[in-house]
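Subject: Structure handover

Hello,

Here is the structure we discussed. Please load it first; my notes follow below.

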Amino acid sequence: MGTTAVQELEKVVIKFAGDSGDGMQLTGTQFTGTSALLGNDIATFPDYPAEIRAPQGTVAGVSGFQVHIGQTQIYTPGDQPDVLVAMNAAALKANIGEVARGKTIILDIDNFKRKDWEKAGFEEDPLESGLLSDYHVIEAPITSLTRTALQDLGLDNKSITRSKNMFALGMVYWMFSRPLDYTERFLKDKFATKELIYKGNVKALKAGFNYADTIEALSSASTILPADMEPGLYKNIMGNEATAWGFLAAAEKSGKELFLGSYPITPASEILHEISKYKHFGAKAFQAEDEIAGIVSSIGASFAGDLAITTTSGPGLALKGEALGLAVMTELPLVVVDVQRGGPSTGLPTKTEQSDLMQALYGRNGESPVIVVAAKSPADCFDMAFIASKLTLEHVTPVILLTDGYVANGSQPWKIKKIEDLDTITPHDADKNMMNWQPYERDTNSLARYMVYPGMEGYEHRIGGLEKDGITGNISYDPKNHEEMVKIREEKVQRVANYIPELEIHGAQEGDLLVVGWGGTFGSLTTAINQCEVNERSVGQAHFSYIKPLPKNTAEVFGKFKKIVVCELNNGQLVNYLRAELPQFKYLQYNKIQGLPFRVSELTEEFVKILEA
Amino acid sequence: MEKVETLEYTYKDFASDQEVKWCPGCGDYAILKSVQKVMPEIGVKKEDMVFVSGIGCSSRFPYYMNTYGFHSIHGRAPALATGVKLANPSLSVWQITGDGDALAIGGNHFIHAIRRNVDLNILLFNNRIYGLTKGQFSPTTDLGHKTKSSPQGTIDNPFNPGELVIGASGHFFARITDTNPKMMQKVIKSAAEHSGTCVVEIMQNCVIFNDKVFSDYTAKENKIDSIINIEHGKPMLFGANNEKGLILKGFKLEVGIIGENGVTEDDILIHDAYEEDNTMHMMLAKLKMPIVNGVIRAFEDETFEIRLKKQVEEIERTSKFKSVNDLFTSGETWEIK
């Protein structure tokens, strides 16, 4: 580290941006991992094109990774980067609008030739046009310096050029006083069999670090002190990974094997990848021939006694609709995870949205109620996957867990849980001593039926998608029986409200404005409310993890505020559900449908507007 | 599944208390009876049997079996059966399906189940018509056949189920008629004994919407000359006095009459159901007149669930994570005090 004094910062937002082949996701995750080990609180947001390799040098092909680190609690990846690393002209073009004036921009000057900026869609040279005059710009010849540093290693040109992301990372490490050892260890492991490439990457990393020191890339290097977090052992976790782990934990805790029937789909596939690794934990990941076979194989596995789940995104949930109705009708435990993305149809596969709520609640034929819950952050995916499993096994009815592209791909420190510290899960199985067991006999409190599984002697029975008699399960077309069964299935879901936590209010406990949200917008909304609190407004926040059924005290909470605004990344879905469920309140709504998360600034602006109206 | 030497079951033990509701005269009754008769002989406990189905007349079948049963949704039973078997490989899993359920709406699941070779027994009731929806043409309806939805005759080419099964790299395919209960029982038993996905096509008469569709084969006066019942290791002979048989002429199967045109007994092909190469099985499956009945292909290979088990053992041996807790604390962690 140079001789410059190190300045302490409370938090910083850094965005790495380059061609989709430039390794920006890797660069971002490395900076994240290093900072996590230093004890910073973190939130990340990868932003990449749907195409695997979009045309090089164009705005469509820009891949970005934003990371927010701080010594205070961090709830979002940050509105605007304090530092933008742009590996080419297109990366600058795509991101300059996000960077506030006065902030730092690092450019790989080697990729700002005329053909580069023309391809990026600039009409004149961005370095000359005055576009960057209000920024602190570091023009670094990253590509050529990497080449020079690595020229004697005997690496081929392609491998040398591919190491430039490590040079850029080295620079940023110096700027924020990060040690290199985490990334060195990572590279050693990743290139265990490719000694030369490992050496090249480490050399580029160090060269970048030293270069930043030499040019004193910032007026002084900065650091972010460890965050004030709850004591415990932490690791950095991504949302989809946390979802997978939550299910592994639930299987272990319930004494069941896990069965995942799934079909690859963006942005949910990582859950399938993750569970596929751990077959020896009694976790069977079955990649089916399509979305329908994914859920139906899970229904079969549930019938045979496994903790059964299926994972998908919006288009897949649409395909699974009929089969989910079968699980509702037969009353089998099943968790469906929908990692939401922009829709309808193929929509925006790599962008986030909260537009499947209505589909989750109502998107099936007939009266087909399921429990609907949502995860609010990457680490919360673990808890909600666990809770969804607990609810489905104990209440013997399907559960939909909604996450979204933003929480699924984002990462955050996760306080490591041990199996023994988790809540119990008691599958609602028939007691071997139960006299005259009947397939649809119910627990009088929860209305859950008692499960038996093939292999149990004397309990042979048949179930199916036809309406059934309320006790024996035999086919019944009796009009009154059907009406009763429809009402029982709904009531069974409603009674789950007796087993879930009440809705909490964050911020002001009563007053002028209640900000309501659900799922992945938690971080943005919380940060915005915290800022309003600072402004001494009586603003409270209620965030729904449980959507169907609603927590029992929902009306009581709503009644404590003069105004209610429901904020969602869709055209107004929770708000309309609330208008139907609790029509006694007046709801304002704030919606964004751009495939992007809320910015804190646009939220606070909106809240102030509502308060002053 | 737990194999037991003798189980004191009779066919009545496999009849549920539900009233059977197929149309009088339906071929399904004979199939149900045959299955109930075979079950006591396969050495599997009743509670270890699961019958699953999709939608259609045939798919009501599980309600009539006093075993575990699941009547699911249209076309998806192969996926459901796969889930049941993978969750509990010790179960004997049977799928009952029809030509619409298996080959139209469920075509994708059908071929992929076959490709994977999970140990399932699929009984395909082929009546070449949609019965439950009252008389539309199916994927196996003969070209030109007039039905409610093809008043001028169908213009789409039908599937031959055997061709589809073998084309999808099926390991076991057999064909029988609902009019020959003895043969039905023998073939269903063979399927039960074979590990891997077995498809048994049953030419089944729909007395209401497609009556006598198979009479070219099954009518008393026709069956002697139009059906060859084949058995592994035996010459493929037929006719009133077994005077006719299958011979190979160039790359084609033909019927030869012993003693005519220089055909001798030695020219008659011997059936090899266990051969890995499916070329001859495909030719047998495709033959239309006479039609081949019996076990056409029964090539034993490792099943999907055995491979899965091997993978689990391999991971158990090599993984650095012995428990879920190991996994959770793996990688880079840090402590906050």
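**Domains of chain B**

Chain B is assigned a domain 1 (11-234 + 272-309) and a domain 2 (236-270); such bounds come from an automatic or database domain assignment. This is a predicted model, in which local features need pLDDT of at least 70 and side-chain atom pairs count only at pLDDT 80 or more, while totals for chains, interfaces and linings use all residues. Residues are numbered from 1 along each chain as its sequence is written, with chains lettered from A and ligands numbered from 1 in the order in which they are written.

Taken over C-alpha atoms, the centres of domain 1 and domain 2 of chain B are separated by 29 Å. Eleven residues of domain 1 of chain B contact eight residues of domain 2 of chain B (contact: C-beta atoms, placed from the backbone, lie within 7 Å). On the domain 1 side, α8 (220-226) and β7 (227-229) of chain B are the elements that give two or more residues; helices (H or I, at least four residues) and strands (E, at least two) are DSSP runs, numbered from the N terminus. That side has seven nonpolar, one polar and three charged residues. Here Ala, Val, Leu, Ile, Met, Phe, Trp, Tyr, Cys and Pro count as nonpolar, Asp, Glu, Lys and Arg as charged, and the others, Gly among them, as polar.

**Chain A against chain B**

The contact between the chains involves 58 residues from chain A and 47 residues from chain B. On the chain B side, the elements that each supply at least two residues include β2 (68-71), α4 (107-116) and α10 (304-318). The largest share, eight residues, comes from α2(B). By class, the chain B side divides into 20 nonpolar, 19 polar and eight charged residues.

A strand pairing also crosses between the chains: β17 (residues 462-464) of chain A runs parallel to β2(B), joined by three bridges (strands pair if DSSP finds at least two bridges between them). In this pairing, A:Arg462 stands opposite B:Gly69.

**Strand β20 of chain A**

Six of the six residues of β20(A) (residues 539-544) are buried, so the strand is largely enclosed by the rest of the structure. A residue is buried if 20 or more other C-beta atoms, placed from the backbone, lie within 10 Å of its own. A:Val539, A:Gln541 and A:His543 cover one side, and A:Gly540, A:Ala542 and A:Phe544 the other.

β20(A) pairs with β18 (residues 505-507) of chain A in the antiparallel sense over three bridges, with A:His506 partnered by A:Gln541. The pairing of β20(A) with β19 (residues 511-518) of chain A is parallel and has six bridges; there A:Val516 is the bridge partner of A:Ala542.

Regards

Note on methods. Contact = placed C-beta atoms within 7 Å. Buried ≥ 20, exposed ≤ 12 C-beta atoms within 10 Å, placed from the backbone.
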